[in-house]
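Hello,

I am passing a structure on to you, and I hope you enjoy looking through it. Please open it first, and then read the notes below.

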Amino acid sequence: MYRVRILQPRNLLMLVVVVCVLLTAYVHRLHMKTDGTAASWRERNQTKHLVGTARRQQHEQQTPQLTCVPTDAVDAKADVDTYSVFLRWMHAGRKSRGSPTLPLTATDATLQPLRVFVVPHSHNDPGWLHTVDEYFDSKTSHILDNIVAKLEQYADMTFIWTETVFLDMWWRRATPTMRARFVALVGSGRLEITGGGWVMPDEAVTHYYSVVDQYIEGHEWLWHNVGVRPRNSWQIDPFGHSSSIAYILNLVGFENAVIHRIHHGFKWHLATERNLEFRWRQYWDAEDARPLFTHATPNQHYTMKWTCGPDTAVCSNFDFRHVVGEFRESMSVPITKHNVATKARQLLDQYRQKAALYRHNVLLVPHGDDFRYDKPAEFDQQYVNLRRLFAHINAQPWDADVRFGTLQDYFDAVHEREGALLPAKLPTLTGDFFPYSDERTDYWSGFYTTRPFNKRLERLLASRLRAADVVFTLRDMTTTERDADAAELLTFARRQLGLFQHHDAITGTSEDHVADDYSRKLWLGLHAVDRVILRTVQAYALADGHLRDVVTRGNMTLIHMNEQMRTYQSLPLKQLVGVRHKAAHVLLYNALTLPRHELVRVHVNHPHVVVRDGDGVVVRSQVNPLWRPDDPTRISDAAFEVAFLARVPATSVAVFSVAKSKPDAEGTAVKASVVLLGGAASATSSVFAVDTSPQELFIQNDALVAWFDSRSGFLQGVTDKNTSENIQLGLDFHVCKSRHSGAYLLGDLHAREPLLVGESSPVIRLVKGPLAEEIHVIAGHVVSGNVINTIAVDKTQATSASALRLDISNLVDAGDLVNREVIMQLKTDTNSGDTFYADLNGLQVVKRTTYRMLPTDGARFYPATSLVAVQDRRVRVSLLLSQTHAVASPATGTLEVILERRIAENDGKGVSGGVTSVPRSLQRHTLLVERRGLQRHTADESHVLRPTMRSHRLSQRLNDPLIAMVADAQLDPLLLKRVVDLPLSLPCDVQLVSLRPLLPADSAAASEYALLVHRPMYECRDDDADDTGSCAAPQPATSFADVLPGVRVSRVARSSLSFLKTDPSVPPSRMMIVNSMEIAAFRLEVDHKRARRQAVDTN
């Protein structure tokens, strides 16, 4: 990987190089001085950057890697690459089932003695067939009680536990004595906390921000209550495994990881090569700096009948649970002196066959299942019978040692046996394990989209939580008295978000009533963070200190959210802002460390308004119609949409006023023109002139003209005004019948029909004004499912010669569709072949290939959290996403996104019914077309797509929109500050992941905070200076004191992502070093007394 090397004063050669570069830049600036002020400004900044780099390198002993990676960068090499061997394991998978075996050979006989660690465990889903509270009351509370009692009774028995959410619930009920007993068992090493996140997160449809946050919450809880740092990850139930999550696990501080659900054919491939243990590395990690020691299980399922060895008929005889009146699959009998010899030989034979799949003759044998050990009798039955078998095996001259153990016991034994040679013996692996399949035609790709309403609600809560954390923490850092109520609200919301990362929650793979419970919890969490934002912004924005104190102490709210969800299954609705009698004041909070210059839309009760910024300067604005919800062809006479151009600095709150005006007054918002086609097409309005005559359908701005099909109203393509080139972008919507599908699975898609069937005619609405133009297409019928597709162009943004973009939103109503998938299809003229790209967890974008020989359509879909793209040497077409979807590329240049699914069938994977409780969902996307050039074609050989800086920033805007608030009508506007600049600043190529207090969050004396940042990798471009802003790479390093100006940071320490492992502290004057693709975590300690004095002086 290309890296900026360390520059030291004594290195004369490097100094000469820098001087040459500076001279070159100077000459180039002279050459380009007639190229306009923008070019001159850019060159000056590049020169300043080079000077700053030289000075910083003289000051620091290390520098961040270049984030602008050359497009010919080479991927890291690995012994096994999941992408490259896909076809091999797919063909193996067609004939593989069950657990793989290898013949025992003479080589196996000469290995060191077999060591077996049997690991009792209980997999506790915090919601699946029952809610998290129902499971806790009926199962989990008893399991945890039994663990304490039985591990104290049996001195050599062990256990592992994973889900912290259940520990927290149990802790609240447990007596101090019971808590102390639990802590003692953990301290003894016989009870190991594995994973230890708030939940065991899904890996396919989660965003890395939420995954990291739930690990912080879980690990902080464990450290403060149990005093333990988890060392091993236990991810046995997520439906496929992501390389992004492996990277995060490494950064969290895990030394080892166990994974389970990977494609059955790939299990066979790894097992036959004895590669089930590997060092998992990233494509961009050429130096192999962040590999994760990963253990993959060879068995199809994690239940007891699958885990002792390859023969399930034999292994099922060693599950000794027997509860009267309960159905049992096992035919086990108690172990006695009469049968122990026979049973021991059978069990050891299974152990040896399983151990032959690994390289070191040390074996891990999980012994558990879902919600097992809930009865004290099961503990007795499992322990007594297994202990007799272990004693017999260990007493024979069979060269075997079998015992109870933990994951740590197993990994310690492997390291002890292999010693320093272990890293060299382990193969390296790159890639991920999607899609997952446990049977030949069962592909678990339906859940990538299942319950899109909840998936969108989760992303909304994540965005608001991040914003609330930032504003709360910055204020908390500069005051001596913590807002304890707000801190509790943040903790509550964080734990609702963390709960939803569970692999049966965000996936949608739970019963309907459980999904409703998750939705309700997310909704309550959203209300909690909104209260924090309102309380804290209010405290910042009120200019009068006395009023601020009175309002804060009285818990009064003088500011309200402009957009609210009335119920946990309703879409967010904008509130109607009254302007007839008095000007309304709108506060816009930008939680990003990037300045925002974009359109904001507010609903008002008068058609003639004028918008002003905090200085009283008139802001350009446009008034659009609002349509009646009961009739898409009727315009409301009581409510209107005003769109205005807002400039909001980075991490700040800006205030705007919206006041009633005269129709012809200067600065009054310009009325949009309206075209209505289809349906009744007879709408009238007292405010807007409505044209119902047939006409060409197009919208445009300075960069493009987007043209639409005259019948369907759907997008057909765009014309680039810079080159006059027509680019095909055919958008269409289909309803497909799916067979053998369910909450988890996506089977075959057939009976594909366009959303517009037969002679049905859509309603098409065109709204055009000076700031924005948009087209709405209402297609289909409520009784059979419909989509309201909106495509808009922003006419206020600076244009780029190499990029075109459209904003897309889809309001999807599944109606009473049965066993149907609603699919959006985008056809381009890109010559992409069978290759397309999709992101993993919002962290990286990887290459995907459409394999047409796979047995079912579901095998060709992959998860995409933030981006899916096709490209050739000429152009890249990216669809930026605001939530996770199942995506595919069925033909060259074509992308498909599953928007919604309503499935009545049971796919046999656990959920009793299908997915029929499907609220309407609003899904937003940004369509981005970027020119590339022939010189960039070598990048296509990489397995990783490097988005442009423009793409990164647009994705941030899409997922973290401006938060609009409205001041109470009774509040005197003179009491509001014009703008509130929050004390936070980062280099433009570094993204703020999170800024939050560390536990205990409700402690008035707490002074430690978590700062997480990410420096993404992006493609080198010279023309990213449009409305998203320009950003040279790499940016000069900045000190922590500069990151948080006005905050008295007393100590800084680099930390693991969950803040349980911390390096020695450094002074805040030190530079913040963040390498390419790194998520860096820093523990900050703040001197509140000094910060308080600074805040008082500022006010």
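Predicted model: local features only at pLDDT ≥ 70, side-chain atom pairs only at ≥ 80, totals over all residues.

I will describe two of them.

Let me begin with the largest cavity, which holds about 610 Å³ of space. Its lining is made up of 34 residues. If you want to find the centre, look for His207, Tyr208, Gly842, Ser955 and Gln991, the lining residues nearest to it. Several elements give two or more residues to this lining: the helices α8 (208-225), α17 (452-477) and α21 (949-959), and the strands β38 (844-849), β45 (944-945) and β48 (991-997). The biggest contribution comes from α21, with five residues. Sorted by class, the lining has 16 nonpolar, 13 polar and five charged residues.

The second largest cavity contains about 130 Å³ of space. It is lined by 15 residues, and those closest to its centre are Thr82, Tyr83, Asp432, Lys847 and Arg848. Both α3 (86-93) and β38 supply at least two residues of this lining, and β38 gives the most, with four. Here the classes come to eight nonpolar, four polar and three charged residues.

Happy exploring, and best wishes

Terms used:
Residues numbered from 1 in each chain as written. Heavy atoms only, no water. 1 Å grid on protein atoms, 1.4 Å probe; cavity = no way out; pocket = protein on both sides within 12 Å on 5 of 7 lines; lining within 4 Å. Points joined across faces, edges and corners; volume = space filled by probe spheres on them. Nonpolar A, V, L, I, M, F, W, Y, C, P; charged D, E, K, R; others polar.
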